[in-house]
Amino acid sequence: MRAVTPRSALASTGKYTSLVVWSLVALVPLVVIGLTSLKTPKDYATSGPLELPKSLTFSNFTRAFTDAKMGEAFLNTTFILVISVGGTIIIGTMTAYALDRFQFRFKKLVVALFLVATLVPGVTTQVATFQVVNTLGLYNTRWAPIALFLGTDIVSIYIFVQFMRSIPISLDEAAKLDGANHFRIYRSIIFPLLKPAIATVVIIKGIAVYNEFYIPFLYMPSQDLGVISTSLFRFKGPLGTQWEVLSAGAVIVIIPTLVLFLLLQRWIYNGISAGATK
Amino acid sequence: MTDVPAPTRESQTVVARFLDSLRASASGKKSFRQRLIPWLFLVVPLVLLITFTYVPVANMFWYSFTSWNGISKTKKVVGLDNYTEFFTRPDLYRVFFVSLYYLAASILQIALALYFATLLSFNTKFKNLFKGIIFFPYLINGVAISFVFLFFFQPGGTLDTVLGFLGMDKGSAPQWLGNPDIVNFSLAGTSVWRYMGLNFVLFLGAIQSIPGGIYEAAELDGASRWQQFRYLIAPSIKPIISLSFILAVSGSLAVFEIPFIMLDGANGSTTFVIQTVKLAFENNKVGLASAMAVILLLIVLLVTWIQRILVPEEEVDLS
């Protein structure tokens, strides 16, 4: 324990001041959007952005929800999310199992293929990916983003491989002696033990899919195939300056993220660290 | 682990079978079926990887040497014309200058993240609350963030009002998004707001993995907070700091969502990636766009290569 000297008291004030200042920087833009979403059009037109609403109205939310087709958007996002995340888990664990537990010819080449792919910046290659998706007949279907989310996720494979290394090979061998084949070992021993890694992948992949904008924007231009991001984006066009409704749209999109963050904080921090440092 | 059972007959045969199987695999004479097994697990991932990463990359190189418009059946080979066009047209290569704003912003972002991560690694009241507030913007949907900041920067919007409170004359507020001299500062600032939390959480995690006893010892020795940072914290999280700088370089070239959603690249906010996708999907210049994509890919590979030389990685090789 240190004695409270004038100098350390000053340092402590500085510390909390800077934390509070950044908290304001982080929160004020969001809070203002929240306030705006609760104002009536007249109230919005006559009040400053930081003023509280004179009376609360939720009509902006119902309007944003119906006009931006948010219900449909949430359904489409959920559909894509469930299949992409589920598929990523199956594909990622299978790949990791093969790469970590087997020695085979061309293994180095396969590993190199996965490694080099992490370096390719996704957005720019869409110039050429578009032609592939189009040729496969996936354009303007929900399967285009699903295929891309499944096919280009190498980070998950890293997470699974790293985790799998901590599962002792003696478990595989014991099962092999009991007569289990490789698929059984994968399914009944490796897969259940990978649960913590699976939770990590569900979180980072889930956030990524929920927030993805460009892939659905490019591959699903049809109005019926809006996801969260694209429906909100298209909403901007017709309404232009009706900020009370646009704000409500943004709030509708942010709320699920906020709720999940509050519920799963610890998991999210761990997942993000595991995913970003590869 | 103390009482080892005496070998029964059953376990002896099991051991014998195990040794046999070891011998079989060691002799390299695996059956065709055995050799096939890993490929059964890999076939789907490899097909997806090749279809959606390698085929596009290979096509991208090929398109970059043609004047293809993305639609016609034939592609005319034009050699290096697309590459010379990019480097000689100021309206195209100026996107490099736009990324400098984001590069400068990422340096500020890393410094802020380091500062807050260090602060919160010491005892702090409401630590989890501050951690959550600093990190949360990173999780928000990019379109929602764009809406938030369109409103924030609009004339008479949040920023102007706050500046008014602080005593700035409202009439003198600049057009944060309308003025081409200012727009990239505003957008790069938005990018700091969005991504600082990610760097912060990564740094904080790294700092907290330093054994706690070291600090106590240092504090007993009378080391100041700055000295603790300079001689204890900074050296032990150096790898993640340098990784962040490297990612900042490729990240500043790959900026896309915020300027695209907020302004559609207007008022001089067009970035490298916005330019590329506009050429490809709006102007039907797939050849030229592919050349730009190839240039970006080569820069990213170069930067990663430099990183590997400067910061040798101690972990992560998949095999």
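You're looking at a predicted model, where local features need pLDDT of at least 70, side-chain atom pairs count only at pLDDT 80 or more, and totals for chains, interfaces and linings use all residues. Residues are numbered from 1 along each chain as its sequence is written, with chains lettered from A and ligands numbered from 1 in the order in which they are written.

- Helices here are DSSP runs (H or I, at least four residues), numbered from the N terminus.
- With 17 residues (195–211), α11 of chain A should span 24 Å at 1.5 Å a residue, and its end C-alpha atoms agree, being 24 Å apart. The expected span is 1.5 Å times one less than the number of residues.
- Among its buried residues are Ile198(A), Val201(A), Lys205(A) and Tyr210(A); buried means 20 or more other C-beta atoms within 10 Å of the residue's own, with C-beta atoms placed from the backbone.

**Packing with α4**
- α4(A) and α11(A) pack at about 145°, axes 10 Å apart. Axes are lines fitted to C-alpha atoms over the stretch in contact, and angles run from 0 to 180 degrees between N-to-C directions.
- Residues including Leu81(A) and Val85(A) in α4(A) meet α11(A) residues including Val202(A) and Val209(A). Contact means C-beta atoms, placed from the backbone, within 7 Å.

**Chain A meets chain B**
- Chain A gives 77 residues to the contact and chain B gives 69.
- Helices of chain A that each supply at least two residues to its side include α1 (6–37), α4 (70–101) and α11.

Key
A residue is buried if 20 or more other C-beta atoms lie within 10 Å of its own, exposed if 12 or fewer, and partly exposed in between; C-beta atoms are placed from the backbone. Two residues are in contact if their C-beta atoms, placed from the backbone, lie within 7 Å.
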